[in-house]
Amino acid sequence: MPIVKLNNEYLTRLTRVDIQTIRDNLPMMGSEVEREEEEQTDVQYFPNRPDLYSAEGTARALRGYLGVETGLPKYSVKPSGITFTVDENLKDIRPYLGSAVIRNVHMDNAMIESIMGLQESLHWAVGRGRKKVAIGIHDLDKIEGPFYYKAAEKSLEFVPLDYDVPMSMEQILDEHPKGKAYAKIVRDFPLYPLISDAKGNVCSFPPIINGELTRVTEDTHNILLDVTGIEPRAVMVAVNILCTAFVEMGADVETVEVDGVVMPSLAPTERVVSVDACRKLTGIFELTAPMMAELLEKMRFGCEVIDEDAVRVFVPCYRSDIMHDCDIYEDVAIAYGYDKIPATLPPSFTVGKPHPVQKLYSTVRNVMVGLQFIENTPFTLTSETVSYAMMNREENKKALHVLHPISEDQTIIRTDILPMLMESLSINRSRELPQKIFACGDVVEDMETYPKMAAASIHAGADFSEVYAVVDSFCQMISIPYEVKEGDDPAFIPGRCGAVFCCGKQIGVFGEISPVVLTAFGLEQPTCAFELDLRGFVDAE
Amino acid sequence: MDLTVNEKRVLATLAGKTSCTDAELAELLESPAESAVQWSHLCADRGLVVVEKQVEKTAKLTEEGEKYAAEGLPERQVLNTIEGTIPMKELTAHPLSRIAIGWLRKKNWIVMDKGMVSVNHEVADVIGDDEKALKELSADAAGTADLVKRGLAVIEEAVSWNIKITPEGKALADAGLDLREEVGTLTRDQILSGEWKNLPLRRYSVDKLPKRIYGGRFHPNQQILDEIRDLLFEMGFTEFHGSIVQNAFWNFDALYQPQDHPAREMQDTFHLREELPLPEGWEQVRDIHMNGGNTGSTGWGGDWNPEISKKCVLRTHSTSLSIQHLAKNPNPPLKAFSISRVYRRETIDPTHLPEFEQLEGIVMDEGLTFGHLLGFFKEFFGRMGFEEVRFRPGYFPYTEPSVEPEVWVDGLGWVELGGAGIFRKEVTEPWGIKCPVLAWGLGVSRVSMLRMGLKDLRQLYKSDIDWIRNSPARRV
C-alpha cells in the first residue's frame, strides 16, 4: 500500500486545521499515520482511495470530515481548443489516451513534490506499475498543439528527461534508468508509443519517460496532461484525480479534444440510495434521510433528500472506489464513526462443532502427550533436500513445487512430517536427552491435502522395540486395526524397520533411523521414529 | 533430632574421645576419609560436633634446588672463582654466569669498576638466609620464600581435619543411638507383615530439588489455538477445514479481487504449476468482475481471463475456504470458523514468515448488521483478554463496510489484529446467499506473540524444546 509523504505546512494551509487535529483524525478516515516528523507526515492509504494520495486530495477529504467545508466540490471546465489525434496503430500496443490542460499553475517546491508523489502513487495503485496507466505532465508553453499520440519507429530520437543528448527510443530502453525499469511493458512491440506536438517535438515516450523539453519547474504556469493506458476507465480515473488535485492548488482545468471526444468533464455521477438499506447494513438504526445526507456531505458527496427512504447522491468524479451502493453506505458509517455504532452480539442461535480432521488432530495430540511426547508445530514449506536427500529417500514425484521459491529451504509443500521432526532434533542437539517429539498436520500430495502424524525419540537407548511399543499403543488408542510387516524404507536401518498396514494398505512406517540420516542431520544418538497416514481415520462430517 | 545412621555412627565413635583426626575417624568407621569428613560436617551443621580445618605446610626442593643444595647457589659458585680483580670478560666465561651475574649484582657481592670486577667481601662473606634454607629446608625458614620465588623449592599444603564432639553431641550419644542400617525402599513383605512400623526408614531432605520431569507437552502455540477454538465452540461456531492448494478462482476471483491486483503477483503469492477446473457458475463471477453482473455493481471493468483463474496457488488467506463453505451452505443461520496455515511469499525474519496461522470466521443470518460484527469483536477480544477494542475503517476488496479492529496492549499501544467486514454482493450473489455475511480474519500468530511475549515468530514453528518443556500448561 502506498505511503504518501505530506508536507505539514502545505497540508495545514490547504486544510485550514492544525497538524495535530489532522493526525488524530486520519486513522478514523481509513489510513494509518506511519511517521510524524517536524516537516512532514507519512501516511499509508488503502489502495481503493487513490484520490487521497496527495496533500491536495487529503486536505479536500479532511475539510469535509472535520466540517470545514462539506458537500460536493464543484468543478468547471472550459475548452482549451487543443486537440489530440490517436494513431490507429496503437490499438494493440497502448490504445487509450486521456488528456487535459491545466492553466494558471503557480507551484512552489512543496506543490511540485506533492504532484510528483501523486503521479508516482497513481502509477502504482491505478497504473499497476505503469502497465495499465502511465502519466505524463508537461510544460505546455514549451510546445504547441495540435498533439499526436502515435506508434513510432524505435529508431526515433529525442532528449529524454535528465539527459542532454538525443537518444533513440530503443537506446532509452537499454540505457536510461527509467527505460531499463519499465522496458518489459513495450519491449516486444514493433512500434513504440510516442506523444509529439504540431512541430514534431517529442513530449513523451509513454509509459517510459518524458522529454527533457517539457520538464515541469516552478516557472511552469500551463500544463498539458497525458495519461495513456490499456484500460479506458483506469485512464480517466487518473485524469480526474490529477485534474481535481490541480484545482485544489488553485489552477483551472480546460478540456482537450481527443479524436473528437471532449475531456475531462469532472462531472459527478449520480446514484439514488436507500436509507433503510444503509440502516440495515450498518446498524445505525437512528439514521434518517437528512442525517444520511449530512454525513455523506462530510465525505464530500453532494446530496438531495428525495423522500424518507431515498437520497440522491452525487459522487465526485475522483471517487473511483464507488462501485455499489454499499460503498456509499460505508462512507455513511465512517462519517458517523465506527465507535458510535451500537455494537451488539449477533442473535443467531447455532451449535458449535469441531471439524472431523481437527478432532482427529486433537485426539492424536492427547494420545501422544499421554505417551510422554512433546508436540512440535513445524513449517509445511520445506525442501527436497530436507524431505528426501537428507532422509536417504527417493524424491516424491507427487510433491508440489512452488514456482518462485523465496529460499532454498522452501521449495515444496511437505509430503511427510518426519523430516521436520529430524530438523527439530537437529536444532535441539544441545538440549537434554531423551527428547521425544511428535507433530500432526496437513501434508499435500498431488492436489490432495490430508492428515499425517509422526513421532521421534532420541536417546542412548532408543531402539526398534521402543518405537514398536509406541506404535502399538497409539494404534490401539486411536482404534487403528493394524498389522506389521518387515519394512524397507531407506531412512531406517535394514532389519530394524516395520511397515504398518491397515486393511491391506500400507499406512505407515517405523523403526530405527539409519545412521546415514542421523549423520545428515548432525545427530549423534540412536533415534527411533514412526510416521502414519491418518486419511482413513477421519470421522464422517 | 533425626540423624542418618552415618551421623549417628560419627557421634558414637567420638563419644569416648576428646578429639580425633579425620584419618583416625575414618579408620574407626571403616569408611573413606572423605565420607567421615562429610558426615562430620553434617553433624557440625546440627551443632553436635566441631570440625576444625588444619593446614600443614611442608617445603620441598625442586630438582634444580637439590642440585644447588649440594653445589651451592650459582652466584656462590661463581664468586668462589674470583681471585682479586679480574676483567668482566673472564667472569662471563663461567658456565653459570648467565644466572649468577644478576644475583651477584643484586646481592651486592661484587664491585665493578671500568670493566673490572672484585669481590665485596664485607657482604659476600656472610652466608645468606636463602643459602641457610637451602641446607636446612623448612616451610617457615626465613629464606624459603626466596627459594620458592626462584623455583628452587615448593610449598605443599596438606589439609587435615580435627573433629571434636560438643556437649550436645555427647548428651545425644550418651542417651543411646540406634545404629541399625536405614531402609530406603519398602518391600511388599514389610508392608504386609507390619514390619515397616519398626524399620528405621531413611528420611529425605526437602531442600534437595528433584530432577524435573518434562513428560508429554502440548505445543504452547497449539494451546492458544485450542483456547480460541474452544471459545468459538462456546459461541456456537462450527469449524471448517480445507485444501492448502486453491486455484486463483477461489483464492482471489470469487472474493472480487481484480485479476491485476498487486497481491496476486509473483512477489506476494506462491504460485504453482498446477491448475484446477473452475466450478459451476464461474461465468457469473466473470460478469461481476467485468461489469457487475446482476449485483447492481459497476464491476472492475476490463477483461477477465478464466485461464488465470484456474492456476493454483498456496492459499494466501483462509477466506478462500470461507467462501467455499458458504457456497456449500448458503442457508442461514451459519456461524463457522477455521484456523489454517496460510502462505505469503515473505522472506523469513523475526516478524515475517512465509506461512502462519490465520483465524477466519463467518456469521450469516437474516438481519445482521455491521454493528453485530463490532459486537462480536468486543465479546471475542474481551474473552481473549483484550479489554479495550477500537475500530478503524479498513479496506478489503471483498467486504464493505470494512474494519480493522485494534486492541490496546500496554507498552505497545493500539495493535491491529486483523480485518473484517460484511461480504460484498459481488462476493455472495453467485452462490445464492441472500443474507448478510459478517466475515473476519485474524492473525493468530500475532495473538500468540503478544500472549507469550515472544520476539521472534520462528519460535512457534522451529521451537527450542526447552521453551516447550518450561511453558505453563493451559487452564481448561
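Mentor: Let's start with a definition: a nonpolar core is a set of buried Ala, Val, Leu, Ile, Met, Phe, Trp, Tyr and Cys residues joined through C-beta atoms within 7 Å. Keep in mind that this is a predicted model.

Trainee: Which residues have the most contacts inside the largest nonpolar core?
Mentor: They are Ala238(A), Leu296(A), Leu421(A), Ala454(A) and Ala529(A), in a core of 243 residues. Helix H7 (residues 232-249) of chain A gives the most to this core, 13 residues.

Trainee: What does Ala529(A) touch, leaving out residues up to four places away in sequence?
Mentor: Its partners are Leu418(A), Leu421(A), Ala454(A), Ala455(A), Ala456(A), Val467(A), Phe510(A) and Ile513(A). Contact means C-beta atoms within 7 Å, so each of these pairs with Ala529(A) meets that cut-off.

Trainee: Which residues of helix H9 (residues 289-298) of chain A are called buried?
Mentor: Ala289(A), Met292(A), Ala293(A), Leu295(A), Leu296(A) and Lys298(A) are. The label needs 20 or more other C-beta atoms within 10 Å, so each of these six residues reaches that count.

Trainee: What covers them?
Mentor: The cover includes helix H3 (55-65), helix H8 (275-282), strand E17 (302-305), strand E18 (310-315) and helix H10 (325-336) of chain A. Just after H9(A), Arg300(A) takes a positive phi of about 70°.

Trainee: What makes E8 and E9 of chain B edge strands?
Mentor: The open sheet has 3 strands in the order E8-E10-E9 (chain B), with antiparallel pairing. Strand E8 (245-247) and strand E9 (271-275) each pair on one side only, which means they are the edges. On average, neighbouring strands here are turned by 40° against each other, direction ignored.

Trainee: How do you know that E9(B) and E10(B) count as paired?
Mentor: Pairing takes at least two bridges. There are 2 bridges joining E9(B) to strand E10 (residues 311-314) of chain B, so the pair qualifies. As for partners, Glu275(B) is bridged to Lys311(B) in E10(B).

Notes
Residues numbered from 1 in each chain as written. Chains lettered and ligands numbered in written order. Predicted model: local features only at pLDDT ≥ 70, side-chain atom pairs only at ≥ 80, totals over all residues. Buried ≥ 20, exposed ≤ 12 C-beta atoms within 10 Å, placed from the backbone. Helix = DSSP H or I, 4+ residues; strand = E, 2+ residues; numbered from the N terminus. Contact = placed C-beta atoms within 7 Å. Axes fitted to C-alpha atoms, helices over the stretch in contact; angles between N-to-C directions.
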